[in-house]
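Good morning, colleagues. Please have the sequence and the structure before you.

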Amino acid sequence: MKNFTAIFDMDGTLIDNTPYHFKSWQALFKKHDLGTLTLETYRTEISGVPIIETLRRLFGDKYDEAGLHQLLEEKESYYREIYAPFLAPINGLENFLTALKDAGIKMAIASSATVEDIDFILNKIPIRDDFEAIIDGSRVSKGKPNPQIFLKAAEELKARPEDCVVFEDSLAGIKAANAAGMKVVGITTGHTADQLQPSGLVINDYTELTVQKLAALFI
């Protein structure tokens, strides 16, 4: 079996929190008179993109950086409040991570989320020690769909991009992984299989995957 490296996005990929991020964005739009945010607009223009970049696009003419970060915390505080009672890993995740670890596969998280949001998840789900590197949105200068975050994760794990597979749920993330020259596994928490292309595999959850099936992407 070829030695490869696995890089995981977090939101919508390790946990199915997409509906709760959507609700928190809807609340922010309503409070600040931006009109109605549709699910389609959220999926195509907001999901997967660093929050601060979206806030700059929406509010950059009204707020300075300090004000934008206050909006970010407002949005994220509401998200954490409504998601906390439902926080759980995607079906099969923990067993799959254990299988990868037992096979000697190095793993990283590469998420546009803030450190606080990553900690919010990893403090509740005991998977932090499965990952040798965690790259958050503040550690890169260009967000998805730019490939920088995935290339940085590969660099930290001393892996070549062509030897990496990325797990993603967002269109921006799929574009970034392909731009990085990495294999891609799409997960259908926010989009259909047809939309998550080009991908080597598309899954509904991790019960559909084995280490061997993943390794076959590199043959």
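How many bridges join strand β4 to strand β5? There are four, and the two strands, residues 164-168 and residues 183-187, run parallel. Before going further, I note that this is a predicted model, in which local features need pLDDT of at least 70, side-chain atom pairs count only at pLDDT 80 or more, and totals for chains, interfaces and linings use all residues. Residues are numbered from 1 along each chain as its sequence is written, and side-chain values use heavy atoms, with hydrogens and water left out.

Helices (H or I, at least four residues) and strands (E, at least two) are DSSP runs, numbered from the N terminus. Two strands pair if DSSP finds at least two bridges between them.

From β4 the chain passes through helix α8, residues 171-179, to β5, in a right-handed β-α-β crossover. Right-handed means that, with the strands pointing away from the viewer, the path from the first strand over the helix to the second runs clockwise.

On to β5 and β6: they pair in the parallel sense over three bridges, and I187 has I203 in β6 as its bridge partner.

Finally, the whole sheet is open, with six strands in the order β3-β2-β1-β4-β5-β6 and parallel pairing. Its edge strands, β3 (133-135) and β6 (201-203), each pair on one side only.
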